[in-house]
Amino acid sequence: MRRRRSLYRRVYLHGVLLLVVLGIALSVVGAVLGRDSRFHMSPSRTAQHVAHLLEPVPAAQVPAFLEQAADMLNMDMAVYTADGQRLAAAGARPPRPLAAEAAARLLSAGSSRRDGHLAASARVGADRYVRLRSRVGEGSMALRALGSLVVVVLVLALVSIPFARAIAHPIEHLSTVARRWGAGDLAARARLERPDEIGELARTFDETAETLGRLLEGQRELLANVSHELRTPLARMRVSMALAAEAPPDDVARHLSAMEGDADELERLVADLLTTSRLDAGGALALQRAPADMGALLDEALARLARLHPGREVAREVEPTPAVSVESGLVGRVLDNVLDNAAKYSEPERPIAVALRPADGGVRLTVRDQGIGIALEDHARVFAPFFRGDRSRARGTGGAGLGLSLSKQIVDAHGGRITVDSQPGAGTTIAIWLPA
Ligand SMILES: Nc1ncnc2c1ncn2[C@@H]1O[C@H](COP(=O)(O)OP(=O)(O)OP(=O)(O)O)[C@@H](O)[C@H]1O
Ligand SMILES: [Mg+2]
């Protein structure tokens with residue numbers, strides 16, 4: 001599946017958007033503040049400029065000139081003689097004269113001096129000087145800058161709210177769902193239909209819940225089946241015991257033998273369950289492998305079959321095969337089951353055909369019967385634990401339905417394959433391949 005990156009893109013674009021907004025806001029603030037401060041930023045040059053313009057102005061017109069310049073520049077101004085006498089002033093708080101020493105220095109050397117952040121003085125001709133100071137004032141400039149900054153931050157914060165909400169909401173929702181799972185409600189689903197990464201996370205959540213639910217359901221079913229299968233032979237044993245207690249001495253042996261059969265069945269069931277759980281937990285690692293000859297294992301299994309189904313005809317076609325590395329007891333259990341199935345699910349007069357030959361770097365065993373066969377829709381289910389076909393139930397052959405599921409588990413753990421090929425009414429072929 002193509003990875004969706006839209007959240008990634010969104011976060012990235014949001015970052016870029018914030019930068020753009022910040023840039024625009026700063027430019028606007030700069031332009032607004034700069035309107036007043038273009039001259040204020042270099043007060044001594046402004047002072048020089050004013051002084052230069054003042055020089056040719058006749059003494060009578062200096063106050064009017066000063067008034068006009070002060071208005072235009074938004075500054076308070078005053079013109080003084082060398083000894084500190086005020087010639088003219090403009091504005092509410094015109095600057096005071098310089099100290100005598102400073103005035104002398106300004107008039108002898110240099111043409112201007114800076115008197116602070118927003119004030120300056122400049123020489124006018126040889127014996128006068130002008131002083132000017134911004135009306136804006138340092139404090140209010142700083143305040144304005146601060147105010148603009150607050151506005152910018154507010155705008156950025158506002159722009160970010162929908163974005164933050166769009167991310168936080170679904171995550172809160174997901175954690176609510178996760179909490180419900182924690183509380184045991186596995187039916188809870190996130191169901192977030194989103195085309196981005198969070199949507200993908202939500203889908204993974206839901207799929208995980210689905211899988212966990214199925215697993216738990218499977219476990220519950222397994223437990224119910226196991227209990228049921230254990231109960232049947234136990235109930236039969238109880239009946240046999242009651243009968244044996246009241247039976248004439250000659251009959252006791254018969255009841256005891258029936259109980260022995262039930263005990264055998266229980267033992268086999270428990271052994272199968274233990275094997276299942278061992279392979280479940282460890283898989284291939286749980287195996288105790290040793291080199292073995294499949295031909296010999298097959299002979300032993302056929303001997304056991306002959307004891308269980310005396311007189312049963314088996315056609316054998318056995319070629320020499322390479323040695324296999326297997327846990328012999330488990331492979332014997334597989335052979336017992338498929339041979340037992342072939343015998344159980346076909347008429348006694350129908351022969352069973354067994355073939356063993358090397359194949360694909362391993363050995364291949366097929367067991368073919370001409371029995372009742374397996375319905376097409378059941379082919380996949382025969383390997384499920386406790387599955388028994390309707391028609392095999394009807395035959396009353398007994399069995400818990402664990403044989404094939406355990407067989408598949410064993411063959412899988414050995415790295416092999418087991419397949420079923422069957423036609424109802426015509427017969428069944430089970431094929432097993434194991435690596436050499
Ligand atoms: N050779 C076969 N012919 C027809 N049906 C079969 C054959 N082998 C298996 N099946 C079907 O598959 C089911 C599962 O087989 P499996 O060996 O797991 O169980 P079982 O033989 O019924 O019981 P168990 O093996 O535990 O004694 C059987 O109940 C039967 O319906
Ligand atoms: Mg079986």
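Student: What span should the 12 residues of helix α3 have, and what separates its end C-alpha atoms?

Tutor: This is a predicted model. Helix α3 covers residues 62-73, and at 1.5 Å a residue its 12 residues should span 16 Å.

Student: Which residues of α3 are buried, and within what arc do they fall?

Tutor: The buried residues of α3 are Val 62, Phe 65, Leu 66, Ala 69, Ala 70 and Leu 73. Seen down the helix axis, these buried residues line one face of α3, because they fall within an arc of 130°.

Student: Which residues are exposed on the other side of α3?

Tutor: Exposed means a relative accessible area over 50%. On the other side of α3, the residues that are exposed are Ala 64, Gln 68, Asp 71 and Met 72.

Student: Which residue just after α3 takes a positive phi?

Tutor: The residue in question follows directly on the helix, and its phi is about 60°. The residue is Asn 74.

Student: Which protein donors does the magnesium ion (ligand 2) have, and where do they lie?

Tutor: The protein donors lie 2.1 to 2.2 Å from the magnesium ion, and they are the OD1 atoms of Asn 337 and Asn 341. An α-helix has 3.6 residues a turn, so residues three or four places apart point the same way. Asn 337 and Asn 341 are four residues apart, about one turn, and both lie in helix α9.

Student: Are Asn 337 and Asn 341 buried or exposed?

Tutor: The cut-off for a buried residue is a relative accessible area under 20%. Asn 337 and Asn 341 are both buried.

Student: Which helix gives the most residues to the lining of the largest cavity?

Tutor: The search of the whole structure finds one cavity of 30 Å³ or more, and the largest cavity holds about 60 Å³ of space. At least two lining residues come from each of α9 (328-344), α11 (403-413) and β12 (427-435). With three residues, the element that gives the most is α9.

Student: How many nonpolar, polar and charged residues line the largest cavity?

Tutor: Among the lining residues are Met 294, Val 331, Leu 365, His 414 and Ile 432. By class, the lining has nine nonpolar, one polar and no charged residues.

Student: What is the relative accessible area of Thr 176 in helix α5?

Tutor: Thr 176 lies in helix α5, residues 138-182. Thr 176 is partly exposed, and its relative accessible area is 38%.

How values were computed
Residues numbered from 1 in each chain as written. Chains lettered and ligands numbered in written order. Predicted model: local features only at pLDDT ≥ 70, side-chain atom pairs only at ≥ 80, totals over all residues. Heavy atoms only, no water. 1 Å grid on protein atoms, 1.4 Å probe; cavity = no way out; pocket = protein on both sides within 12 Å on 5 of 7 lines; lining within 4 Å. Points joined across faces, edges and corners; volume = space filled by probe spheres on them. Nonpolar A, V, L, I, M, F, W, Y, C, P; charged D, E, K, R; others polar. Expected span 1.5 Å × (residues − 1). Buried < 20%, exposed > 50% of the residue type's maximum accessible area, 1.4 Å probe, protein only. Arc of directions from axis to C-beta. Donors = N, O, S within 2.8 Å, 3.2 Å for Na, K, Ca; no water.
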